[in-house]
Amino acid sequence: MTESSAYLVSGFRTPVGKYGGALSSVRPDDLMALTIQKTVEEAGLDPAAVDEVIIGNANGAGEENRNVARLAWLLAGYPDTVPGITVNRLCASGMSAIALATAMVESGQADIVLAGGVESMSRAPWVMEKPTTAFARPGEVFDTS
């Protein structure tokens with residue numbers, strides 16, 4: 001078995017916003033797409049050479065309820081031949097995505113993996129309390145953010 005190392009060659013993030021602030025009107029998949037574009041461009045990568053996109057997302061609801069890694073990659077305008085995985089561990093999802101990417105490179109499963117995290121609590125959906133009886137009106141509404 002040969003020894004392999006993983007290296008961080010580029011990294012970017014969006015500005016940190018506040019709940020209901022200036023970034024609240026921007027979808028999280030669009031924010032991630034911009035971050036992906038900047039990372040790929042600055043690293044000088046051929047997008048088709050990327051083996052995997054792994055993005056952590058703790059919310060996993062609303063606009064982030066599908067494979068946000070794959071969707072952000074496609075929204076960035078990159079090839080549909082590159083797969084994406086979304087990791088949801090609640091806290092530390094982004095860190096877990098980076099750890100998984102590192103393991104893939106170190107084990108020889110991949111050469112180039114784009115990894116990180118995305119979330120927008122301003123755009124998280126509301127949750128309704130489950131009714132206690134059949135056909136009852138929904139109960140209290142909670143802001144999940």
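Helices (H or I, at least four residues) and strands (E, at least two) are DSSP runs, numbered from the N terminus. Ser-25 lies in the segment before one such run, helix α1 (28-43). The structure is a predicted model, in which local features need pLDDT of at least 70, side-chain atom pairs count only at pLDDT 80 or more, and totals for chains, interfaces and linings use all residues. Residues are numbered from 1 along each chain as its sequence is written, and side-chain values use heavy atoms, with hydrogens and water left out.

The protein contains three helices and five strands. From the N terminus on, their order is α-β-α-β-α-β-β-β. The C-alpha trace spans about 60 × 35 × 25 Å along its principal axes. A contact means heavy atoms within 4.5 Å. Among contacts between residues at least 6 apart in sequence, 66% join residues at least 24 apart.

Burial was assigned from relative accessible area: buried means under 20%, exposed over 50%, and partly exposed in between (1.4 Å probe, protein chains only). Of the 145 residues of the protein, 30% count as buried. Accessible areas come from the Shrake-Rupley method with a 1.4 Å probe; for residues, only the protein chains shown count as cover. The protein exposes about 9000 Å². Carbon and sulfur atoms supply 55% of that area.

Charge was considered next. Lys and Arg count as positive and Asp and Glu as negative, while His and the chain ends are not counted. The place of a charge is taken as NZ of Lys, CZ of Arg, CG of Asp or CD of Glu. On this basis the protein has 10 positive and 17 negative side chains. The centres of the two sets lie 10 Å apart.

The structure holds three salt bridges. A salt bridge is a side-chain nitrogen of Lys or Arg within 4 Å of a carboxyl oxygen of Asp or Glu. Asp-29 pairs with Arg-27, and the closest N and O atoms are 2.9 Å apart. Asp-29 counts as buried, at 1% relative accessibility. Arg-27 counts as partly exposed, at 28%. Asp-29 also meets Arg-66 in a salt bridge, at 2.8 Å from N to O. This pair links distant parts of the chain. Arg-66 sits in the loop between β1 (52-56) and α2 (68-75), Asp-29 sits in helix α1, and the two are 37 residues apart. Arg-66 is partly exposed, with a relative accessible area of 32%.

A further salt bridge joins the side chains of Lys-38 and Glu-42, at 3.4 Å from N to O. Because Lys-38 and Glu-42 are four residues apart in helix α1, about one helical turn separates them. Lys-38 counts as partly exposed, at 37% relative accessibility. Salt bridges that share partners join Arg-27, Asp-29 and Arg-66 into one network.

Helix α1 also holds Thr-39. Thr-39 is buried, with a relative accessible area of 12%. Not counting residues up to four places away in sequence, Thr-39 touches Ser-10, Phe-12 and Leu-114.

Ser-25, in the segment before α1, is exposed, with a relative accessible area of 60%. Ser-25 and Tyr-7 are 18 residues apart in sequence. Their C-alpha atoms are 34 Å apart in space.

The loop between β2 (84-87) and α3 (93-106) includes Leu-90. Ala-92 lies in the loop between β2 and α3 as well. Phi of Leu-90 is near 60 degrees, a positive value in a residue other than glycine. Leu-90 is exposed, with a relative accessible area of 54%. Ala-92, although not a glycine, has a positive phi of about 75 degrees. Ala-92 is partly exposed, with a relative accessible area of 48%.

Trp-126, Met-128 and Val-141 make a nonpolar surface patch of about 350 Å². Patches are made of residues with over 30% relative accessible area and no salt bridge; like charges are joined within 9 Å, and nonpolar side chains (Val, Leu, Ile, Met, Phe, Trp, Tyr) within 5 Å. Trp-126 is found in strand β4 (residues 126-128). Trp-126 is exposed, with a relative accessible area of 56%.
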